[in-house]
Amino acid sequence: MPQVLITGASTGIGRELAILFAKAGWDIALTARDESRLASLAKEIERDNPGVHASSFPADLARGDTPQSLFEAVTRRWPAIDALVNNAGFGAVGPFAEIPLQAQLDMVQVNIQSLLHLTRLFLPGMIQSAKEASGASSPKGGPDRSTPRWRRGILNVASTASFLPGPYMAAYYATKAFVLSFSEALASETAGFGLTVTALCPGPTRTEFQHRAGLGKSPLFGGGLMPVADARSVALAGYRAFSRGHRLVIPGAFNKLGAWATRLLPLHASAAISARINRAKYPD
């Protein structure tokens, strides 16, 4: 049975992804800061999916030493992880010069450094497992061209913010641009091993993210300014894209149109558009 590690798994998109992977027969390693929610989700997964094992690994990815300790804890339980879902992340809204420095450094640590660190720790094992599986499945030891029973690889949760600069959420948009660029590069590097690297780029989604980011009363989430998705539909789009070996998925027609339109505009024009949207989120 394949094993997947999902970060930020206690709520929102991460929780819904855990449920989807479990229904497909994956054993699940869950990590987030909230120990009680993780334990509850692990019990729910095992109750609803007989034969599936779920383990919780409470951890704070804002700490620089967490990825290594998490890797060691997970691989003691499951030496070979087949998939990694880098879902953990958070944002903050406001002028860059006014958002507390530590909050922004923590954001970079969670959204970029921990994602990169965990990927570097788990990816070599995935490559090795893929090589072994490919050799074993081919009578002549050549590459296996058949469709795999499950995908090995990485699902990174980026954002439609990945596609443009984001005044009033400058650091957050920049972190998500990294996630998308990093994912696209890794997808090319690992394609020859039969691995999948997928970037999930949702638009506004109803999760706890908006409350942590200070967007609870934003017109973006309550004023009909843009379509707002639910976490389950976003997770389903990401899971399906990963399962089908796609590199990029942008849930929602409006989000797809917006993401591709920004690629046709000069950066200053894209920044002006996002500044207008994000300025509406920020109370005077």
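**Figure 1. Overview of the protein chain in the predicted model.** Residues 24 or more positions apart account for 73% of the contacts with a separation of 6 or more in the protein chain, a contact being heavy atoms within 4.5 Å. The chain has 10 helices and 9 strands; helices (H or I, at least four residues) and strands (E, at least two) are DSSP runs numbered from the N terminus. Of the 284 residues, 50% are buried, where buried means under 20% relative accessible area, exposed over 50% and partly exposed in between (1.4 Å probe, protein chains only). The accessible surface is about 13400 Å², and carbon and sulfur atoms contribute 56% of that area; accessible areas come from the Shrake-Rupley method with a 1.4 Å probe, and for residues only the protein chains shown count as cover. In this predicted model, local features need pLDDT of at least 70 and side-chain atom pairs count only at pLDDT 80 or more, while totals for chains, interfaces and linings use all residues. Residues are numbered from 1 along each chain as its sequence is written, and side-chain values use heavy atoms, with hydrogens and water left out.

**Figure 2. Packing of helix 1 against helix 8.** Helix 1 (residues 12-23) and helix 8 (residues 231-243) pack with their axes 8 Å apart and at an angle of about 50°. This angle makes helix 1 oblique to helix 8; angles under 35 degrees count as roughly parallel, over 145 as roughly antiparallel, 65 to 115 as roughly perpendicular and the rest as oblique. Axes are lines fitted to C-alpha atoms, for helices over the stretch in contact, and angles run from 0 to 180 degrees between N-to-C directions. Among the residues of helix 1 that meet helix 8 are Ile 13, Leu 17 and Phe 21, and the helix 8 partners include Val 234, Tyr 239 and Phe 242.

**Figure 3. The two faces of helix 9.** Asn 255, Ala 259 and Thr 262 are buried in helix 9 (residues 253-262). They lie on the same side of helix 9 because they cover an arc of only 70° around the axis, taken from the directions from the helix axis to the C-beta atoms. Exposed Ala 253 and Leu 257 are carried on the face turned away from this buried side.

**Figure 4. Surroundings of Leu 195.** Leu 195 lies in the loop between helix 5 and strand 6 (196-200) and counts as buried at 7% relative accessibility. Residues touched by Leu 195, not counting those up to four places away in sequence, include Leu 123, Met 126, Ile 127 and Thr 190. Leu 195 and Arg 151 are 44 residues apart in sequence, yet 7.0 Å apart in space, C-alpha to C-alpha.
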